[in-house]
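Q: Can you go through this model with me? I'd like to start with the aromatic rings and then move on to the sheet.

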Amino acid sequence: MSTYISAESLGHSFHDNWLFKNLTIGINRGRRVALVGINGAGKSTLLKILSGSLKPTEGKVAQSKDLNVGYLEQDPHFKGAISISDYIFHADNIQQQLIRRYEELLENDPENMKEMDKVMEEMSEIDAWEYEYKIKTILGRLDIHHLNQHISTLSGGQKKRLALAKLLIEDPEIYILDEPTNHLDIDTIEWLEKLLTEGSKTILMVTHDRYFLDNVCNEILEIDKGKIIPYFGNYGYYLEKKAEREASDEATFQKNSNLLRKELEWMRRQPKARGTKSKSRIDAFYDLEGKTKNNGPKQNVELSVKTSRQGNKIMEMHGISKGFNGNTYIDKFSYIFKKGDRIGLAGKNGSGKSTLLNLITGGLQPDSGEIIKGETTVIGYFNQSGLSFKEDERVIDIVKNVAEFITMADGKLISASALLTLFLFPPAKQYGMVSKLSGGEKKRLHLMSILIKNPNFLILDEPTNDLDIDTLNVLEEFLTNFPGILIMVSHDRYLLDKLTDQLFIMEGEGKVLIYNGNYTSYRIDLEEAKQQNKKPAVAAPTVQAEAAKKAKLSFKEEKEFEGLEKEIADIEAKLVETNEQLNTTNIDPKELTKLTDKITYLNKQLDTKTTRWIELGELKEA
């Protein structure tokens, strides 16, 4: 099997930190390889080096002779091209230039039949029609239509799709793809999957989309602590083998740690002036120290912030409509949010998903209809644009601007610095500038700054872009246990399947279909419905307009409800006070146990009182 790209002794440093050293990699013809690893491990940097667009600090990369490499980077550059046509069509490719002329005539001068006939005849002479169909299909699927449009007027997502279109049209010998599914809707991702797995394409890619990774790749390379670990199989195989390796590594780590303690004792016992120590044993000690240092069980991002209490009236939308420039995106849509709602928002790009989210958050007002937000509803909105970080601002100041101390789910108060550490921002990064963070680290910081505001109505708009798979796994665990309302827009089918049980499908022209079930269920129903020429099952009207009539509060319950507000506030104040005592230095062990027990008791009391407060609140508002 021929090797397209090989690299030996690769090393690269960034901001005076080594991302990796002494890497050896070979990419063979016909292999479809995914590169995985935590944010900041150097995945995108390694792709740049292997594509030839970045020179490594150490080592060398060799490509087979005349290899045609196609590289899709996260933020594409267009090499001076002004229009979409300039970028897509090569000046020295006769077929492409004829197709370009034909498409421009169709769009701008369709009545010029003389010129049209001439171009069509020339295309027939060189058998360009099949190629034209391929180009038109790719551009259409990636929502690229106006070839004379200037690239400078395109959004970030449109630019990424344009770069991907050019790559697919050129069909290189090796595809090097950095997050190819970003800015694509789910239908387009599924189309891209089929395209990349046709024939014997050679692919090296970084992606956070686990379904896409599992369906496309047959080999995985993990960057872990600056080294490459290969797994010959798909994503499911990788997860299984990685779990086995980490279990083995932890056992080895414990064994090495015990050996190190014994060796350390021996080293310390030796008189400093005595020259009789065994050199081999000293060498073995330093070798063991290297194996053990910074090699303990892997840290994970920890998400466990407090969620604000939520009453029965959460949010109601009654007949809302919204349009722009003569286009209707939401038309007379009604929904009453209820406890436990976990809603996925799906639809093609431009179908109105962001419009609906902005109506819910109050960023937009409906043209007609009414939105009523409950008094206890606290919205947290993680949007695609992210926070407008100042590049010269310190990471820790981003958090301190929101709060110096943060209440965790267990009631404990921790400092901004301690929370940053839980989110895998060590002190060196906390006091460093935002400009030195990777794209994924900035996203993680944005997510953290939202969660510390204790929302109970969480909206996530494409949360997976630029996050590594390890962070996504922890985010999923947090969201699975999140007790509030969850609305999520994502092109990640895995995430939608795992975290939502109801969908709002934006069908276009203002229509919003409410579907009970996850995304995979919806696709199965959709296929069956197509065969039977009917629509998939929608939510029953009684569900979306649910407002069960319950008995009003008795006089005794009214008094209890009023008293609970004060009791809950008192318990929360006691928790704050007890946590402050717990953080005192040189605390007596007996006192420590006493305070810990008190916190446990207060948290149980708080849960009991809060549950009762919510129950009575529901009766009161019904």
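Q: How many aromatic pairs does the structure hold?
A: This is a predicted model, and the structure holds 12 aromatic pairs.

Q: Take Tyr102 and Trp129. Stacked or edge-to-face?
A: Edge-to-face, because the ring planes of Tyr102 and Trp129 stand at 85 degrees, and the cut-off for that class is over 60. The ring centres are 5.2 Å apart.

Q: Which helices do Tyr102 and Trp129 lie in?
A: Tyr102 lies in helix α3, residues 94-108, and Trp129 in helix α5, residues 129-141. The pair therefore ties together parts that are 27 residues apart in sequence.

Q: And Tyr102, buried or exposed?
A: Buried, because its relative accessibility is 12% and the limit is under 20%.

Q: What about Trp129, how does that count?
A: Trp129 has 30% relative accessibility, so it counts as partly exposed.

Q: What is the geometry of Tyr231 and Tyr238?
A: Their planes are at 85 degrees, so this pair is edge-to-face, with centres 4.9 Å apart. Tyr231 and Tyr238 are both buried.

Q: Which residues form the aromatic cluster?
A: Phe333, Tyr335, Phe337, Phe457 and Phe504 form one cluster.

Q: Where does the charged end of Lys21 sit?
A: Over the ring of Trp18, 4.5 Å from the ring centre. Likewise, the charged end of Lys166 is placed over the ring of Tyr87, at 4.9 Å from the centre.

Q: OK, the sheet now. What is the strand order?
A: The order is β5-β6-β7-β3-β8-β9, in an open sheet of six strands with mixed pairing.

Q: Which strands are at the edges?
A: β5 (69-72) and β9 (227-231), each of which pairs on one side only.

Q: What does the twist average?
A: It averages 15 degrees from one strand to the next.

Q: What does helix α1 touch?
A: Helix α1, residues 43-51, packs on the sheet and touches β3, β5, β6 (174-178), β7, β8 (219-224) and β9.

Q: And what angle does the direction of α1 make with that of β6?
A: About 150 degrees.

Note on methods:
Residues numbered from 1 in each chain as written. Predicted model: local features only at pLDDT ≥ 70, side-chain atom pairs only at ≥ 80, totals over all residues. Heavy atoms only, no water. Pairing = 2+ DSSP bridges. Helix = DSSP H or I, 4+ residues; strand = E, 2+ residues; numbered from the N terminus. Axes fitted to C-alpha atoms, helices over the stretch in contact; angles between N-to-C directions. Contact = heavy atoms within 4.5 Å. Phe/Tyr/Trp six-rings, centres within 6.5 Å; stacked < 30°, edge-to-face > 60°. Buried < 20%, exposed > 50% of the residue type's maximum accessible area, 1.4 Å probe, protein only. Lys NZ or Arg CZ within 6 Å of the ring centre and 35° of its normal.
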